[in-house]
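Subject: Structure for your attention

Dear colleague,

I am passing on the structure we spoke about, and my notes on what was found follow below it. Please read them with the structure open beside you.

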Amino acid sequence: AMAAPGQNLAVVVHRAGDLRLENRPIPEPGPNEVLLRMHSVGICGSDVHYWQHGRIGDFVVKNPMVLGHEASGTVIKVGSGVTHLKPGDRVAIEPGVPREMDEFCKTGRYNLSPTIFFCATPPDDGNLCRYYKHNASYCYKLPDNVTFEEGALIEPLSVGIHACKRAGVTLGSKVFVSGSGPIGLVNVLVAKMMGAAAVVITDLSTSRLQKAKEVGADFTIQVTNETPQEVASKVEALLGCMPEITVECTGVQACIQAGIYATRSGGTLVLVGLGPEMVTVPMVNAAVREVDIRGIFRYCNTWPVAIALLASKRINVKPLVTHRFPLEKALEAFETTRRGEGVKVMLKCDPTDHSP
């Protein structure tokens, strides 16, 4: 499906198992919107899940939906009310845009607004396409020394920033990260940046643990068939103590159990990965030891922070990108992600510019 110039090639999921490349009309930006020529878009586990299963929890694909929410691009047209951006500006896109000023927005926790627009969450279209319009207030100008790919990686990086903030990572923290996929890795990066003295990470895969070492994990544990208690003991042995903070990035029941057992009394367990609706956990163990269990939902107020960190070179997300595909080869890119190859697969949406 080669798009003629001026056409808007998009990656669209129709229903479970049905992913297509198709042309969409080029949208017209409203007064508070900008039209973007998309450059780099990362593929997320949730994109693959919508393709494979047609739903995540209560979010069901009922109509064809454009995928993609980890993205950056260039402004090519601005709405009449937009003053802070102009054509030619390179921007990173925050995919969650509140639709109304409700109580959650007033308190600065706009990610919890029930009516929020969110790219590639049914029924809202994402931005895995050539041209995309978005609320200008949620497009953030990238400094010259931050690449488009780094801009696209701000979305997963934001999950790490939000999770580590909710966890209370601080100078000298001992941290256990469970799961070494892209989200586990950004949590390692952010925890180290926020002052963690030691980070231990677990995974099934040797190659993923190798990548975790590369981005700054102090210790790795390859899990085979240990019980949750055994995993917790290994974490304690490596750190020399129980961690104050555990960041659970898998959503797997046994891993959540290990997270509770591993966390020091009075510590905090943050649940980032989402698995089955119901899980059985040693709740009494957590309760009597005053282990705080916190959830996170996406992120809020993280883009300016992330851009400052990337511009100052305080954080390096570049090693996360392991594969690149042109937009025309999106189906191949999705297959690669589904097979669990590499870490982050990046799609290049601008046929004239495939640079990072």
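This is a predicted model: local features need pLDDT of at least 70, side-chain atom pairs count only at pLDDT 80 or more; totals for chains, interfaces and linings use all residues.

Across the interface of domain 1 and domain 2 there is 1 residue pair in polar contact, with both residues at pLDDT 80 or more; a polar contact here is a pair of N or O atoms within 3.5 Å, where within protein one must be able to donate a hydrogen and the other to accept it, and where residues adjacent in sequence count only if both atoms are side-chain atoms. On the side of domain 1 that touches domain 2 there are 4 nonpolar, 4 polar and 2 charged residues (Ala, Val, Leu, Ile, Met, Phe, Trp, Tyr, Cys and Pro count as nonpolar, Asp, Glu, Lys and Arg as charged, and the others, Gly among them, as polar).

Residues are numbered from 1 along each chain as its sequence is written, and side-chain values use heavy atoms, with hydrogens and water left out.

Domain 1 comprises 8-141 + 317-348 and domain 2 comprises 159-295, with bounds that come from an automatic or database domain assignment. Taken over C-alpha atoms, the centres of the two domains are 29 Å apart, and 10 residues of domain 1 are in contact with 10 residues of domain 2 (heavy atoms within 4.5 Å). Between them the domains bury about 690 Å², 65% of it on carbon and sulfur atoms; buried area is the accessible area (1.4 Å probe) that two parts lose on being put together, summed over both. Pro 319, Leu 320 and Val 343 supply 59% of the area that domain 1 buries against domain 2, more than any other three residues.

The structure as a whole holds 20 salt bridges, and one of them joins the side chains of Glu 149 and Arg 324 at 2.7 Å, N to O. Because Glu 149 lies in helix α3 (residues 148-167) and Arg 324 in strand β19 (residues 321-326), the pair ties together parts that are 175 residues apart in sequence. Helices (H or I, at least four residues) and strands (E, at least two) are DSSP runs, numbered from the N terminus.

Key: A salt bridge is a side-chain nitrogen of Lys or Arg within 4 Å of a carboxyl oxygen of Asp or Glu.
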